[in-house]
Amino acid sequence: MILDLLNAGIAADILERTASTPRVQQAVELSLAPAFLLVAIGSIMNVMMARLIWLAGRIERLAEPIEGACSVSHAAELAWLRTRRRFARIAIKFSTAAAVVISVEIAVLFLSAYIEARIGTVVAVLWVATIALLITGLGYFLRETLLAADGPKGDR
């Protein structure tokens, strides 16, 4: 069956295009910058997740029934924490989307060694989309950290 594919010419054409070490090396080099960005996004998301986990734990502790009624300060802190959690979750969603798009870009860049089509525009659009998603995620993360710095009784 593999021999049939080789005889069909399709496999031979693919092998001919990929047999060139410089062409594959160039594809790997082109995908390095997006790969480093993917690592940076992962590091940022690690910080975001740590904050989200802390927020979720604090919300659970405050929401547990305590002897007597919940005080007004507990209710205010819960509302503040839930707002922070919402911003953190949105930040993580946008950052995850950025990681997905940059992963697709890495795949497209690597595949460019195997195809003849010009895909520069696709690569540029994917890069801009990644940066836009990352900026949006970082914006929400900034909102969460500013809200955290204000405290539950800060001016909002």
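The model is a predicted one, in which local features need pLDDT of at least 70 and side-chain atom pairs count only at pLDDT 80 or more, while totals for chains, interfaces and linings use all residues. Residues are numbered from 1 along each chain as its sequence is written, and side-chain values use heavy atoms, with hydrogens and water left out.

**Confidence and fold**

I looked up pLDDT, the predictor's confidence in each residue from 0 to 100, and noted a chain average of 84, with 80% of the residues at 70 or above.

**Aromatic rings**

I then searched the whole structure for aromatic pairs and found 2; rings of Phe, Tyr and Trp (its six-membered ring) pair if their centres lie within 6.5 Å, and planes under 30 degrees apart count as stacked, over 60 as edge-to-face and the rest as tilted. Phenylalanine 87 and tyrosine 140 make a tilted pair, at 6.1 Å centre to centre and with 40 degrees between the planes. Phenylalanine 87 belongs to helix 5 (residues 72-111) and tyrosine 140 to helix 6, so this pair ties together parts that are 53 residues apart in sequence. Phenylalanine 87 is buried at a relative accessible area of 7%, whereas tyrosine 140 is partly exposed at 24%.

The rings of phenylalanine 94 and tyrosine 140 are stacked, because their centres lie 6.0 Å apart and their planes stand at 5 degrees. This pair also links distant parts of the chain, with phenylalanine 94 in helix 5 and tyrosine 140 in helix 6, 46 residues apart. Phenylalanine 94 is partly exposed, at 28% relative accessibility, and I record Phe87, Phe94 and Tyr140 as one aromatic cluster.

I also checked for charges over rings, which requires NZ of Lys or CZ of Arg within 6 Å of the ring centre and within 35 degrees of the ring normal. Arginine 86 lies over the face of phenylalanine 87, at 4.9 Å from the ring centre, and arginine 84 lies over the face of tryptophan 80, also at 4.9 Å.

**Largest pocket**

I noted a volume of about 160 Å³ for the largest pocket. A pocket here is an open set of points on a 1 Å grid over the protein atoms alone, where a 1.4 Å probe fits, with protein on both sides within 12 Å along at least five of seven lines, and lining residues have an atom within 4 Å of a point. The lining holds 12 residues, and Gln26, Leu30, Leu109, Ser112 and Ala113 lie nearest the centre. Helix 3 (21-30) and helix 6 are the elements that give two or more residues to this lining, and helix 3 gives the most, with 4.

**Serine 73**

Lastly I looked at serine 73, which is found in helix 5 and is partly exposed, with a relative accessible area of 39%. Its C-alpha atom is separated by 8.6 Å from that of proline 152, 79 residues apart along the chain.

Note on methods
Points joined across faces, edges and corners; volume = space filled by probe spheres on them. Buried < 20%, exposed > 50% of the residue type's maximum accessible area, 1.4 Å probe, protein only.
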